[in-house]
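Notebook open. I am looking up a few residues, one at a time, and noting what I find.

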Amino acid sequence: MNTGRRRHPVEVQKYSSTQDPQTGEMIQGWATIGTEWASIEGINGREFIAAAAEQTATTMRVTIGYRDDLTTAHRLAYHGKKYDLKAILPNNTMTELVCMCEVGLI
């Protein structure tokens, strides 16, 4: 394991609902459940037209330490960018996770 390449602190986030104690209203949103040091590398980018608006989607490879609680329902956040998890691939020794993520920018 080469921890020197993991120099980006990314937030692991989970979509959840909480209740406002004053109004009783259910508030839904992303909550940070932890921080991991990560290596972030761009894989490819593609442009496409959807709903008459040009958009760009970029596939990124994010490598973090092994976590057994991470699923594709989570997301990663780093410097204002949100990384949607598409695939989570553990290495053979279960010390690292390679997360294939998509970053959508409008």
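I started with histidine 79, in the loop between strand 4 (75–78) and strand 5 (81–90). Strands here are DSSP runs (E, at least two residues), numbered from the N terminus. The model is predicted: local features need pLDDT of at least 70, side-chain atom pairs count only at pLDDT 80 or more, and totals for chains, interfaces and linings use all residues. Residues are numbered from 1 along each chain as its sequence is written, and side-chain values use heavy atoms, with hydrogens and water left out.

I checked the backbone of histidine 79 and found a positive phi of about 50 degrees, although histidine 79 is not a glycine. Most residues other than glycine have a negative phi. Histidine 79 is exposed, at 69% relative accessible area. My cut-offs: buried is under 20%, exposed is over 50%, partly exposed is in between (1.4 Å probe, protein chains only).

Next I went to the loop between strand 5 and strand 6, where methionine 94 lies. Its phi is also positive, near 55 degrees. Methionine 94 is partly exposed, at 45%.

Then I moved to strand 6 (residues 96–105), which holds glutamate 96. Glutamate 96 is buried, at 9%.

Last, I looked for disulfides (pairs of cysteine sulfur atoms within 2.5 Å). I counted zero. Cysteine 99 is buried, at 0%. Cysteine 101 also counts as buried, at 1%.

Conventions:
Helix = DSSP H or I, 4+ residues; strand = E, 2+ residues; numbered from the N terminus.
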